[in-house]
Amino acid sequence: MNHSLATADRTTHLKVVVVALLAAIVVVAVGITARVTAMDTETARIHTQGVVVKAGAPAAYTRTETPSIR
């Protein structure tokens, strides 16, 4: 049994490459076939009711609990 890829023979390297290739193909196939189902029109619509909140002036907050070391 090969415990290290540095001392592994050619067939072990081939097995690793084949398993990695199959895993990549499975990931790509799942990614291609995955699709989002039709969303409910109520959740996809932007709601325009309510109060508009506007951002205020920028503020800087500092903390003076710890002494600064110079």
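Reader: In which helix is Ile-25 found?

Author: Ile-25 lies in helix H1, residues 10-33; helices (H or I, at least four residues) and strands (E, at least two) are DSSP runs, numbered from the N terminus. The model is predicted: local features need pLDDT of at least 70, side-chain atom pairs count only at pLDDT 80 or more, and totals for chains, interfaces and linings use all residues. Residues are numbered from 1 along each chain as its sequence is written, and side-chain values use heavy atoms, with hydrogens and water left out.

Reader: Why is Ile-25 called partly exposed?

Author: Buried means under 20% relative accessible area, exposed over 50%, and partly exposed in between (1.4 Å probe, protein chains only). Ile-25 has a relative accessible area of 49%, and is therefore partly exposed.

Reader: What makes H1 hardly covered?

Author: Among the 24 residues of H1, the count of buried residues is one. In the chain, buried residues make up 3% of the 70 residues.

Reader: What makes the pairing of Asp-9 with Thr-12 a polar contact?

Author: A polar contact is a pair of N or O atoms within 3.5 Å; within protein, one must be able to donate a hydrogen and the other to accept it, and residues adjacent in sequence count only if both atoms are side-chain atoms. The side chains of Asp-9 and Thr-12 make such a contact at 2.7 Å, and Asp-9 also contacts the side chain of Thr-11 through its own side chain at 3.3 Å.
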